[in-house]
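Work through these exercises with the model open beside you. Try each task before you read its solution.

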Amino acid sequence: MFSNLSLAEPLLRALNEKNYTEPSPIQAQAIPYLLQGRDLIGVAQTGTGKTAAFALPILQRLTASTAPLLPKRPRALILAPTRELAAQIAQSFGAYGKFLKLSHAAIFGGVSLSPQIRALSHGVDILIATPGRLQDLERQKHVFLDKVEIFVLDEADRMLDLGFVHEIKRIITKLPPKRQSLLFSATMPLAIQELASSIVHNPARVEVTPVSSTAERIEQQVAFVNRNDKSKALVHFINQHPTGLVLAFVRMKHMANKLVDQLARDGVKAEAIHGNKSQGARQRALENFRSGRSRVLVATDIAARGIDVKGISLVVNYDLPEEPESYVHRIGRTARAGMDGQAIAFCDSSERNLLRAIERLIRRPIPVLKGHPFEGAANQPDRPRTTVEYAGSGIDRPHRPAQRSRGFRPQSSSSTQGNRFGGGRTGGEGHTRAGFARSGSSRF
Ligand code: AMP
């Protein structure tokens, strides 16, 4: 219950108006730390309720603080990678802060400067900004960051993908050293951990990978294939899958290019995206894919982050990822917007450890696709496994997960249905929690 989280009455009233009764796991874990004034690292994706997890405590702490509001000097700063996200966060502050007397403004590129400059000169308590526009306005002295009490870096991994690292580092130098800092990121690669260490101090850490209801609709299979047969097998599965977009993941950048060439030789038009491609080339490839001009996209994990393309109906793990979490993120690209999706993981004899790590993470064995033309018999694991007979004329779909998720289902403000949260601690709950719930909290 939100009422157990020591939130102020005007916030509870606003939540009540939105029909939010139960905090999501990230909210339940993060809010108590944030109300205490702790720094925090949140490993969470959009859709987990992370915005309210930071917005509610920020609103409460700013209301309680006695610091005066000065022109051009925001008291809370939220950095977001895109204007869409910045606008969405601003909207959330508006909704949750409806019964408080705090002001907020969003500043981002691509729109006229003057209303943003005007808002800043009046003074805003909470500023939500994209890094580029904030840097411009800061350089022009339309905003000063020396009175920021609370700083949030949202979607840090996406920030780095979009090349904002220099802007962020520069902005941090403008903040007062005494502040509360929060960093949210869907993933925590080394580069983010390093960035985090320059931002947060003795942080609490909360982690929630989404119990995505989409994961439920993904038919997952593993196909044992010899390394040398993988590209032929990919062509085969693409051809057996006549509709929808196909996203194939490889581990190495050079492999992405090589595979696109191999596919072209077999008459399959594909595009590659990876970190060595320019932003423009990535965008073009993505556009061709989105529009269906190229039905197949070959991607590395980093390049694929942030891709939100509707209509991907098959995800192929051409190489199994080194990080088991990546598997969950990869297959989550399909089955969006209420559609069904399939995920086939190729596993060669060198990848069985990686497969085991993935299955440990998702807490269930992935059914084996038996009888397909490229079956690498030597790769079969010795223990008994669920198998799915390959139908040949298409990819068979007999596997349905037995359990339904009881996970976090975001609720729109107009909905009157109750929420069903879950996905809290998974320890000891075994398979009763469907899919990919993994959360818990720990301190550094
Ligand atoms: P976010 O991850 O912050 O983008 O939030 C995802 C969606 O969940 C948004 O539409 C929120 O309005 C909604 N939401 C956030 N917290 C709750 C809650 N406690 N109960 C129901 N819906 C929520």
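**Exercise 1.** The charged end of Lys230 sits over which ring?

Solution. This is a predicted model, where local features need pLDDT of at least 70, side-chain atom pairs count only at pLDDT 80 or more, and totals for chains, interfaces and linings use all residues. Residues are numbered from 1 along each chain as its sequence is written, and side-chain values use heavy atoms, without hydrogens and water. Recall the test: NZ of Lys or CZ of Arg must be within 6 Å of the ring centre and within 35 degrees of the ring normal. The ring is that of Tyr318, with its centre 5.8 Å from the charged end of Lys230. Arg13 has its charged end over the ring of Phe99, 4.3 Å from the centre.

**Exercise 2.** Describe the ring pair Phe54 and Phe93.

Solution. Rings of Phe, Tyr and Trp (its six-membered ring) pair if their centres lie within 6.5 Å; planes under 30 degrees apart are stacked, over 60 edge-to-face, the rest tilted. The structure has five aromatic pairs. In this one the centres are 6.4 Å apart and the planes at 45°, so the pair is tilted. Next, locate the partners: Phe54 is in helix 3 and Phe93 in helix 4, so the pair links parts 39 residues apart in sequence. Helices here are DSSP runs (H or I, at least four residues), and strands are runs of E, at least two, both numbered from the N terminus.

**Exercise 3.** Is Phe54 buried or exposed?

Solution. Buried means under 20% relative accessible area, exposed over 50%, partly exposed in between (1.4 Å probe, protein chains only). Phe54 has 0%, so Phe54 is buried.
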